[in-house]
Amino acid sequence: MGGSSNRVEDLSYTDSDLENPLPVSATIPPMEIHKVCMPPKRGTLEALKQRLGEIFFPDDPLHQFKNQSPLRKLLLGLQYLFPIFQWGSEYSLKLLKSDVVSGITIASLAIPQGISYAKLANLPPIIGLYSSFVPPLIYALLGSSRDLAVGPVSIASLVMGSMLREMVSPVKDPVLFLQLAFTSTFFAGVFQASLGLLRLGFIIDFLSKATLVGFMAGAAIIVSLQQLKGLLGIVHFTTKMGIVPVMASVFQHRGEWAWQTILMGFCFLVFLLTTRHISLRKPKLFWVSAAAPLASVILSTLLVFIFKAENHGIQTIGHLPKGVNPPSANMLYFHGEYLSLAIKTGIVTGILSLTEGIAVGRTFASLKNYQVDGNKEMMAIGLMNMAGSCTSCYVTTGSFSRSAVNYNAGSKTAMSNIIMAATVLVTLLFLMPLFFYTPNVILSAIIITAVIGLIDFGAAIRLWKVDKLDFLACLSAFLGVLLVSVQMGLAIAVGISIFKILIHVTRPNAVILGNIPGTQIYQNIGYYREAMRVPSFLVLSVESPIYFTNSTYLQERILRMVREEEERIEACNENTLKCVILDMAAVTAIDTSGIGAITELKKTLEKKSLQLVLTHMVGDVIEKLHLSKTLESFGSDSVYLTVGEAIASISSGYKEKL
């Protein structure tokens, strides 16, 4: 052992090596044994800089500024901070035509959805339209996705409305409720922008896909059941979110059911679901489902107006004020007994909306083969919500349904968001009186149609087939939302995600390796039937880093595997076990506790007259073992590049002693 270079000499095997593999009971052919070299020495600051860079700047965002003139650096800086300067410099009339079509198309979906989702959050319907005007403009300046369509979304709306309603009634104290909604949006934006600024986006990855599948499905069902109030014409309805109280409230108020409302609601619901089915079956007809919500609003409004249906028990939206977003900075609630509620609601809805927005952006970016910067997206969504909270908007993000329509409509840039915002502006200025007779039942039908897409049966089936633990996490989150509350379902989802991480970290896998006859390859004997044990050797592989969280477990696990191997050898009357080889190819890191566990394992095995050999160590592991003087205690005859070289060298040593 020794050397100061981390260059490893030629590790390729010769033809004779491949023709004479390591047999189980025959003589092992001679093999060139390569020296294990130490990594080059690094200063503490250099090592810390490299480590922090990999954690917080894996994409190396400053690489584009290298070797550039000051003017060019200024231009690149503006394009980095404001992506609109990047795509705007190459914009053309052809791109504008595509963006105008897609912008108007998503506006036809955003207008009825904005009104519906505001009602879902227990906010005035006009707030939903306000939230579809200012945030898309800000995102167009700062966002890096070409296809993300920004606006209110169902899950964040539901969570915000239910969390705030637990302590403040939107009916008895609507002004305070509105203040808390704006304040929650502000804190959601601060939280989101902070994650992007500090480059801590990996935090949202703690919500695994499996738990999100279950959470979204449960929330979609709860949202749909909540709309029974509108579909059946019920006036008094429970404020609780669990399936049991919701269904109990539905049947307890059977006397409030209105057949006119039921007839209209289910007719339009069938219409909306049919158009959605058509668009799913034939993507080229995406405009059918995109235009269906607005068409339903127009048609139902005309029916109510012509037949005076409001006099027959069909509830309508009523008056909506005309004009652009009024300022709401003076309504932000930064003191008092409900401040903690606003902060908590903001963080929860911020996490949900950020997770959905980035997931949607990355999905459509992959379809068009371009990159979405996660940290820039967090900054854009965060600043968008901070500005929105000061302009009468509540929490917004990228919507999957509207983004899908935007993508299918042929959007080319974020200009489609600007076109959508302009269309909403026209609506706010001139068309608001037309919504006076729009029935609430239509909003319920639109919400149900939108959230049905969140129920992904295919994903749940795949989870069951591939990973039962993931399926259990999905099912737990689903049942938590369905049987308790949306907040509890989210808490269960986060808890299960963290629990899964802890399981993988604290209970890593360790397996026995065997030789594939005719090769120098060693694989898990549990997966490869042809893999055969090498007499007198026990080859083990640890498939995770060795940290303080798992070092004791791994030490006990390896000793148990050694004991079981000795018992097997005795039962089969095979050659006595002499050496334990630890393949550390998958051990990407080790800490002081892990080093201590390796040292203790070596001492324990020596007491049993067994040699411990380390192979396949990566640079970071070798460096730490070297600095801790652990490698010196092993010696050059117990550290090798590969398992094959270790067995060849040690076997020849055993023969020389015979």
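User: Which strands does helix 23 lie across, and at about what angle does helix 23 run to strand 5?

Analyst: In this predicted model, helix 23, residues 551-572, lies across strand 3 (510-515), strand 5 and strand 6, and helix 23 runs at about 150 degrees to strand 5.

User: What makes strand 5 and strand 6 a pair?

Analyst: Two strands pair if there are at least two bridges between them, and strand 5 (residues 537-542) and strand 6 (residues 579-583) have 5 bridges, in the parallel sense, so they meet that condition. Within this pairing, Leu540 stands opposite Leu582 in strand 6.

User: Why are strand 4 and strand 8 called edge strands?

Analyst: The open sheet has 6 strands in the order 4-3-5-6-7-8, with mixed pairing. Strand 4 (522-524) and strand 8 (639-640) each pair on one side only, and they are the edge strands.

User: Why is Ala597 called buried?

Analyst: Buried means under 20% relative accessible area, and Ala597 has a relative accessible area of 10%, so Ala597 is buried. Ala597 is found in helix 24 (residues 592-607).

User: How do you know which residues Ala597 touches, leaving out those up to four places away in sequence?

Analyst: Contact means heavy atoms within 4.5 Å, and on that basis Ala597 touches Ser551 and Gln555. Ala597 and Gln555 are 42 residues apart in sequence, yet 6.1 Å apart in space, C-alpha to C-alpha.

User: Which helix gives the largest share of the lining of the largest pocket?

Analyst: The largest pocket has a volume of about 1400 Å³, and among the 46 residues that line it, the closest to its centre include Val360 and Phe400. Helix 15 supplies the largest share of this lining, 8 residues.

Terms used. Residues numbered from 1 in each chain as written. Predicted model: local features only at pLDDT ≥ 70, side-chain atom pairs only at ≥ 80, totals over all residues. Heavy atoms only, no water. Helix = DSSP H or I, 4+ residues; strand = E, 2+ residues; numbered from the N terminus. Axes fitted to C-alpha atoms, helices over the stretch in contact; angles between N-to-C directions. Buried < 20%, exposed > 50% of the residue type's maximum accessible area, 1.4 Å probe, protein only. 1 Å grid on protein atoms, 1.4 Å probe; cavity = no way out; pocket = protein on both sides within 12 Å on 5 of 7 lines; lining within 4 Å. Points joined across faces, edges and corners; volume = space filled by probe spheres on them.
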